[in-house]
Amino acid sequence: MSGRRIYLDRGIGETRGVVTLDDRPERLLIRRDGAEPRLILGARAAARVQSVEPALATAFLDLGDGAQAILPFKPGGRPVRGAMVEIEIRAEPRRGKLAIGRLIGEAAGAPRLLKAAPDPLEALRAFARDAEVVEGREARDVAEEAEAEALEVLHPLPGGGTLAIEPTRALTAIDVDLGERKGSDAKRVTRQANLAALKEAARLLRLKGLGGLVILDLVGRGHDGNALMTAARAAFGPDNPGVAIGPVGRFGTMEISLPRRIRPLAELLCREDGALSDRTLAQRLVRRMQAEGEANPGGRIEAVCDPDVADVARPLVEALAGRLGARFIITASVGRGRDALEVART
């Protein structure tokens with residue numbers, strides 16, 4: 001089936017939503033219970049101006065309960081320290097960076113949430129207004145596949161070759177590689193690979209939640225700059241407004257600037273060292289327990305995992321018991337590998 005579809009997995013402790021394009025995941029939204037509601041994309045809040053940095057054209061805001069954001073301002077629009085303003089979150093916080101707000105107007109009272117962000121289905125609808133919505137086990141499976149792809153570094157290209165996507169603190173580097181393929185049709189093959197790479201890069205960057213400066217290292221030499229620019233505009237069109245695309249440079253690279261909106265998926269799912277977080281592992285464990293419990297109504301289900309993962313998983317298991325009955329047991333095993341998750345019927 002072609003076109004876009006929406007998959008919504010309403011799980012224990014988190015909701016995952018996926019938009020697919022031609023049956024391939026294009027966007028992945030993960031909304032976890034306990035997330036600060038004031039810092040979700042689209043939320044509106046009353047905030048107090050804590051400080052103003054004229055040299056940076058930036059104000060630092062207190063949104064209440066420890067939540068903070070920054071507010072860029074233009075000449076003549078400098079806010080006053082201590083003033084109350086209403087903002088909308090236009091970029092979620094990421095590692096080492098605060099959320100970014102957009103000024104709506106003045107506000108009164110204490111810092112607080114004024115309007116919650118769109119719920120997951122509403123947020124997905126913004127990308128696929130009339131798409132069919134699929135829930136249940138199929139949605140869970142699609143979300144699992146999308147999550148796994150979002151965490152990969154190497155991605156196959158249609159027609160052969162690979163695309164490597166590696167974020168750094170300053171930018172995201174993308175490398176197009178055809179391996180050892182050579183021959184009389186090398187020019188045609190490299191042209192097709194570069195055009196395919198632009199389309200795939202756009203989809204994967206959206207899936208991974210990556211924005212900012214992107215450097216795409218194209219394959220081959222003697223690039224058709226006009227064709228590549230046209231392809232890039234088409235590929236990144238859905239990310240507008242805010243996309244800027246530079247021409248192919250002398251070293252065969254293309255620079256693309258994309259708006260940052262959501263928190264990168266790798267930051268949400270992983271620790272700073274790149275390993276999956278305890279929360280992510282706990283969510284995976286509970287999903288397996290839920291699947292086993294649904295497949296074996298009435299049966300007792302036991303999970304064995306690392307102690308730290310077990311601590312995070314226990315409240316989720318209690319919520320699962322509220323849905324499917326008090327028949328789930330979680331056992332902490334000292335010395336067990338963090339990602340060694342075992343679920344079985346007892």
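## Surface and basis of the model

The chain exposes about 17500 Å², and carbon and sulfur atoms supply 50% of this area. Accessible areas come from the Shrake-Rupley method with a 1.4 Å probe, and for residues only the protein chains shown count as cover.

This is a predicted model, in which local features need pLDDT of at least 70 and side-chain atom pairs count only at pLDDT 80 or more, while totals for chains, interfaces and linings use all residues. Residues are numbered from 1 along each chain as its sequence is written, and side-chain values use heavy atoms, with hydrogens and water left out.

## Overall architecture

The chain has seven helices and 19 strands. Helices (H or I, at least four residues) and strands (E, at least two) are DSSP runs, numbered from the N terminus. Taken along the principal axes, the C-alpha atoms of the chain fill a box of roughly 65 × 60 × 45 Å.

Of the 346 residues of the chain, 43% count as buried. Buried means under 20% relative accessible area, exposed means over 50%, and partly exposed lies in between (1.4 Å probe, protein chains only). Among contacts in the chain with a separation of 6 or more, residues 24 or more positions apart account for 66%; a contact means heavy atoms within 4.5 Å. The chain carries 53 positive and 49 negative charges, whose mean positions are 4 Å apart. In this count Lys and Arg are positive and Asp and Glu negative, whereas His and the chain ends are not counted. The place of a charge is taken as NZ of Lys, CZ of Arg, CG of Asp or CD of Glu.

Helix H2 covers residues 137-151, 15 residues in total, and reaches 22 Å from its first C-alpha to its last, close to the 21 Å expected at 1.5 Å a residue. The expected span of a helix is 1.5 Å times one less than its number of residues. The buried residues in H2 are Ala139, Arg140, Val142, Ala143, Ala146, Glu147, Glu149 and Ala150.

Helix H3, residues 186-208, has 23 residues and spans 31 Å between its first and last C-alpha atoms, close to the expected 33 Å. After H3 comes Gly209, with a positive phi near 75°.

Asp9 is part of strand S1 (residues 4-10). Asp9 counts as buried because its relative accessibility is 6%. Leaving aside residues up to four places away in sequence, Asp9 touches Glu14, Thr15, Arg16, Ala139, Arg140, Ala143 and Arg287.

Gln290 belongs to helix H6 (residues 278-295). With a relative accessible area of 7%, Gln290 is buried. Beyond residues up to four places away in sequence, Gln290 touches Ile12, Arg140, Leu320, Arg323 and Leu324.

## Ala45 in strand S4

Ala45 lies in strand S4 (residues 44-53). Its relative accessible area is 1%, so Ala45 is buried. Ala45 touches Leu63, Val85, Glu86, Ile87, Arg112, Leu113 and Leu114, not counting residues up to four places away in sequence. Ala45 and Pro111 are 66 residues apart in sequence, yet 7.2 Å apart in space from C-alpha to C-alpha.

## Arg125 in helix H1

Arg125 is located in helix H1 (residues 120-125). Arg125 is partly exposed, with a relative accessible area of 24%. Arg125 touches Ile6, Asp130, Ala131 and Val133, apart from residues up to four places away in sequence. The side chain of Arg125 also reaches the backbone oxygen of Arg129 at 3.1 Å. Between Arg125 and Arg5 there are 9.8 Å from C-alpha to C-alpha, with 120 residues of separation in sequence.

## Backbone features in the loops

Ala57 is found in the loop between S4 and strand S5 (58-64). The phi of Ala57 is near 50°, a positive value in a residue other than glycine. Ala57 counts as partly exposed, at 26% relative accessibility. Asp65 sits in the loop between S5 and strand S6 (67-72) and has a positive phi of about 55° although it is not a glycine. Asp65 counts as exposed, at 68% relative accessibility.

The peptide bond from Asn240 to Pro241 is cis, with omega near 0°. Pro241 lies in the loop between helix H4 (225-236) and strand S15 (244-245).

Terms used. Polar contact = N/O pair within 3.5 Å; in protein donor to acceptor, adjacent residues only side chain to side chain.
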